[in-house]
Amino acid sequence: MIMASNIAIERLSKDNYDSWKLQIEAILVKNYHWNFVTGTERKPEVTGDADNATAVAKWISDDQKAKADVILSIHPSELSQIKNCKTSHELGTKLQNI
């Protein structure tokens, strides 16, 4: 089980995707990271501007937080299937397709 702010969900296994998805979505929405997994929060284009560099760095940080939350909610026996995913959106898409 994964705990997030006193909330426990069962880890994703090959038998519980539907219920797991509802629960991990709720946690990520609560933490303002669901849009990274769905791909609606897109990485800003790199322009070289200082403000843009800050926005890109923040996006990367938030995306990695979303990815970490998802990975920590997956049963270890299933991790080999997603080990090469670079972003939370790539990870979410892979899990949905599996």
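This is a predicted model: local features need pLDDT of at least 70, side-chain atom pairs count only at pLDDT 80 or more; totals for chains, interfaces and linings use all residues.

Colleague: Before the details, how do you know how confident the predictor is in the chain?

Modeller: From the pLDDT, which runs from 0 to 100. The chain averages 92, and 94% of its residues reach 70 or more.

Colleague: What makes Lys58 and Asp62 a salt bridge?

Modeller: The cut-off is 4 Å between a side-chain nitrogen of Lys or Arg and a carboxyl oxygen of Asp or Glu. The closest N and O atoms of Lys58 and Asp62 are 2.7 Å apart, so the pair qualifies under that cut-off. Both residues sit in helix α3 (residues 50–72), four residues apart, or about one turn of the helix. The count by this rule is one salt bridge.

Colleague: Are the two partners buried or exposed, and why?

Modeller: One of each. Exposed means over 50% relative accessible area, and Lys58 has 52%, so Lys58 counts as exposed. Buried means under 20%; Asp62 has 11%, so Asp62 is buried.

Colleague: Why does Asp63 have no salt bridge?

Modeller: Asp63, also in helix α3, is buried, and its nearest side chain of opposite charge, Lys67, is 6.8 Å away. Leaving aside neighbours within four places in sequence, Asp63 is in contact with Phe36, Lys86, Thr87, Ser88 and His89.

Colleague: Why is Val70 called buried?

Modeller: Val70 comes in at 3% relative accessibility, so it counts as buried, the limit being under 20%. Val70 belongs to helix α3. Not counting residues up to four places away in sequence, Val70 touches Trp20, Ile24, Leu28, Val37, Leu91 and Leu95.

Colleague: How much of the whole chain counts as buried?

Modeller: 32% of the 98 residues. The chain exposes about 6,500 Å², with carbon and sulfur atoms supplying 53% of that.

Colleague: And how many charged side chains are there?

Modeller: There are 12 positive and 13 negative ones, and the centres of the two sets lie 5 Å apart.

Definitions and conventions: Residues are numbered from 1 along each chain as its sequence is written. Side-chain values use heavy atoms; hydrogens and water are left out. Helices (H or I, at least four residues) and strands (E, at least two) are DSSP runs, numbered from the N terminus. Buried means under 20% relative accessible area, exposed over 50%, partly exposed in between (1.4 Å probe, protein chains only). Lys and Arg count as positive and Asp and Glu as negative; His and the chain ends are not counted. Contact means heavy atoms within 4.5 Å. pLDDT is the predictor's confidence in each residue, from 0 to 100. Accessible areas come from the Shrake-Rupley method with a 1.4 Å probe; for residues, only the protein chains shown count as cover. The place of a charge is taken as NZ of Lys, CZ of Arg, CG of Asp or CD of Glu.
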